[in-house]
Amino acid sequence: MKFIKTDRMKEDFIYYVWLFMVISVFGWMWEGFLYLLKDDMYVNRGFLTGPWLPIYGMGAVMLEILFHKWRDRPVLTFVSSMVLCTLLEYVTAWYLELTWGVKWWDYSGMPFELHGRICLLGSILFGIGGLLLVWVVSPLLYILYCKTPVRVRIGIGIAAILVFTTDAAYSAIRPHAGAGITYRQAAAGAEEKVREAAGEIPD
């Protein structure tokens, strides 16, 4: 398979904004689909209010920056993606639990899980996803990006930054929580803490 040269990708900040947003939206759609299959109901997943899960976007940008030179080394890309994304997921879960006292995902009961924050199946899926991202998704997105007029792609990037940062600032004060979004308490009084921050102060 012939891969696209990516020298410019390493220096193009706006491209990484595109990549971050596209994969963040994909992650939101993916998790919504999984919950629809699992619970027969739609759930707007994630800490933020908008249709994006930034942990997916962060992982995608990190993988592309670090592993784009390994497109001809699939095993190394798979293993490295699995390790890096699993570490990112664990640290993110730990930080959210430390900050708000609740879990936004919980793998308790899954085989080979650790503290409910990560599990083996998730790590394997991260490896497969990372391989597909580095091999297929990022090169194809870069082709589309390069075919888009410069002013348009910069405008889209800036607009995406503004909308996302606005949502992030709002959600830092009023985090997105509720049934199917947050899980069991990680500390006493945690549910009330999130509800109060979201403006839902119990009686």
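Reader: Which residues have the most contacts inside the largest nonpolar core?

Author: In this predicted model, the largest nonpolar core is made up of 36 residues. Within that core, the residues with the most contacts are Y15, L19, M21 and W104.

Reader: Which helix gives the largest share of this core?

Author: The helices α1, α2, α3, α4 and α5 each supply at least two residues of the core. The largest share is 10 residues, and the helix that contributes them is α1.

Reader: Which residues does L19 touch, leaving aside residues up to four places away in sequence?

Author: L19 is one of the residues with the most contacts inside the largest nonpolar core. When residues up to four places away in sequence are not counted, L19 touches A60, V61, E64, L133, S138 and L141.

Reader: Which residues lie closest to the centre of the largest pocket?

Author: The largest pocket has a volume of about 1600 Å³. Among the 49 residues that line this pocket, the closest to its centre are W30, E31, Y56, E89 and F126.

Reader: How many residues of the lining of the largest pocket are charged?

Author: The largest share of this lining, 10 residues, comes from α4. Sorted by kind, the lining of the largest pocket divides into 37 nonpolar residues and 7 polar ones, while the number of charged residues is 5.

Reader: Is C119 buried or exposed?

Author: A residue counts as buried when its relative accessible area is under 20%. For C119 the relative accessible area is 5%, so this cysteine is buried.

Notes. Residues are numbered from 1 along each chain as its sequence is written. This is a predicted model: local features need pLDDT of at least 70, side-chain atom pairs count only at pLDDT 80 or more; totals for chains, interfaces and linings use all residues. Side-chain values use heavy atoms; hydrogens and water are left out. Buried means under 20% relative accessible area, exposed over 50%, partly exposed in between (1.4 Å probe, protein chains only). On a 1 Å grid over the protein atoms alone, a cavity is a set of points where a 1.4 Å probe fits but cannot get out, and a pocket is an open set with protein on both sides within 12 Å along at least five of seven lines; lining residues have an atom within 4 Å of a point. Grid points are joined across faces, edges and corners, and a volume is the space filled by probe spheres set on the points. Helices (H or I, at least four residues) and strands (E, at least two) are DSSP runs, numbered from the N terminus. Ala, Val, Leu, Ile, Met, Phe, Trp, Tyr, Cys and Pro count as nonpolar, Asp, Glu, Lys and Arg as charged, and the others, Gly among them, as polar. A nonpolar core is a set of buried Ala, Val, Leu, Ile, Met, Phe, Trp, Tyr and Cys residues joined through side-chain atoms within 4.5 Å. Contact means heavy atoms within 4.5 Å.
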